Amino acid sequence: MTLRKYLVLLAVVAFGATGDTFLARGMKQVGSIDVQHLPYLLHALLNPWVFVGIFCLLGFMWSYMTALSFADLTFVLPATAVGYVVMALLGRFWLHEHISPLRWLGIALIVGGVGLVAGGPSRTEHPGDSSSEGGQ
Amino acid sequence: MRVLYTWVCIAITVCAAAAGDVFLALAMRRIGDLGELRKQHGFRAVLGRVLGSSALFCGIFFMAVAFFSNLVGLSWADLTLMGPASAALTFVTNALGAKLFLHENVDRRRWIATIFVCLGVLLLTRS
């Protein structure tokens with residue numbers, strides 16, 4: 001793994017966590033949407049927080065696609081699991097959501113589990129793949 | 001009723017996100033390393049290959065379904081429930097999808113990690 005590839009994974013984490021947090025903040029301003037009023041979702045796109053959230057998620061999409069071009073799906077997802085911690089911290093300190101000790105333990109288990117996976121090789125080699133690089 | 005809606009949203013988000021990820025991973029595997037491709041052929045060639053992939057558009061379609069389902073869910077539930085629950089369950093379905101459809105090497109270490117993630121999700125949703 002080169003520095004560029006680590007930076008791509010970091011970008012996946014940063015854009016994903018900030019995008020979700022901006023969306024959550026925007027949707028709290030928009031309020032609950034009933035199943036009978038789903039078209040109101042389009043109106044939610046006009047909320048500035050939702051708009052910035054979508055912009056961040058576009059950055060997430062590009063960096064995610066780049067990461068998937070050099071590593072397995074089952075490597076990229078665990079390797080970017082630190083995003084759950086970032087999201088929890090943003091939810092706690094910015095959105096003032098309550099996180100109980102059990103929820104913190106749950107987040108720790110998720111990060112521990114996905115950290116296990118990240119210790120393996122990043123790419124499964126298949127004959128005929130466009131990308132020939134493997135390993136970590 | 002709101003709890004039921006939240007979990008339906010999580011289920012739709014998880015299935016659509018997993019399908020989207022599998023299609024996207026398939027597309028990017030066929031296209032190759034974007035960084036290397038850009039170095040060798042330039043940004044226009046990268047854009048051409050990315051936009052010419054039908055698997056990529058299938059992936060984006062399912063991701064859009066997951067996105068709107070997630071958006072609805074976020075209007076009912078906390079980010080700290082909706083985010084980790086849907087993302088962690090997506091991780092499990094992704095591991096299955098990657099093994100079945102992408103033939104990735106999902107070994108014992110990765111399955112143990114999946115159990116850790118499931119326990120983590122249970123703790124997150126029951127506390």
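1. Does B:His103 count as buried or exposed? B:His103 counts as exposed, because it has 10 C-beta neighbours inside 10 Å. The scale used here calls a residue buried with 20 or more other C-beta atoms within 10 Å of its own, exposed with 12 or fewer, and partly exposed in between, with C-beta atoms placed from the backbone. B:His103 sits in the loop between H5 and H6 of chain B, and its phi is near 55°, a positive value in a residue other than glycine. As background, most residues other than glycine have a negative phi.

2. A word on the ground rules. Please keep in mind that this is a predicted model, in which local features need pLDDT of at least 70 and side-chain atom pairs count only at pLDDT 80 or more, while totals for chains, interfaces and linings use all residues. Residues are numbered from 1 along each chain as its sequence is written, with chains lettered from A and ligands numbered from 1 in the order in which they are written.

3. Chain B overall. This chain has six helices and zero strands; helices (H or I, at least four residues) and strands (E, at least two) are DSSP runs, numbered from the N terminus. The C-alpha trace of chain B spans about 50 × 35 × 20 Å along its principal axes, and 50% of its 127 residues count as buried. Among contacts in chain B between residues at least 6 apart in sequence, 78% join residues at least 24 apart; contact here has C-beta atoms, placed from the backbone, within 7 Å.

4. Helix H1 of chain B. H1(B) covers residues 2-31, 30 residues in all, and reaches 42 Å from its first C-alpha to its last, close to the 44 Å expected at 1.5 Å a residue (1.5 Å times one less than the number of residues). Just after H1(B), B:Gly32 takes a positive phi of about 100°.

5. A link along the fold. B:Thr93 lies in helix H5 of chain B and is partly exposed, with 17 other C-beta atoms within 10 Å. Beyond its neighbours within four places in sequence, B:Thr93 is in contact with B:Val14, B:Cys15 and B:Ala18. The C-alpha atoms of B:Thr93 and B:Val14 are separated by 7.6 Å, although these residues are 79 apart along the chain.

6. The two chains together. In chain B, 49 residues are in contact with 50 residues of chain A. H6(B) gives the most to the side of chain B that touches chain A, with twelve residues. By class, that side has 29 nonpolar, eleven polar and nine charged residues (Ala, Val, Leu, Ile, Met, Phe, Trp, Tyr, Cys and Pro count as nonpolar, Asp, Glu, Lys and Arg as charged, and the others, Gly among them, as polar).

7. The core. Of the 75 residues in the largest nonpolar core, A:Ala67, A:Leu68, A:Ile110, B:Val22 and B:Ala25 touch the most other members; such a core is a set of buried Ala, Val, Leu, Ile, Met, Phe, Trp, Tyr and Cys residues joined through C-beta atoms within 7 Å. H1(B) gives the most to this core, with 15 residues. Leaving aside neighbours within four places in sequence, B:Val22 is in contact with A:Leu73, B:Gly97, B:Ala98, B:Phe101 and B:Leu102.

Terms used
Two residues are in contact if their C-beta atoms, placed from the backbone, lie within 7 Å.
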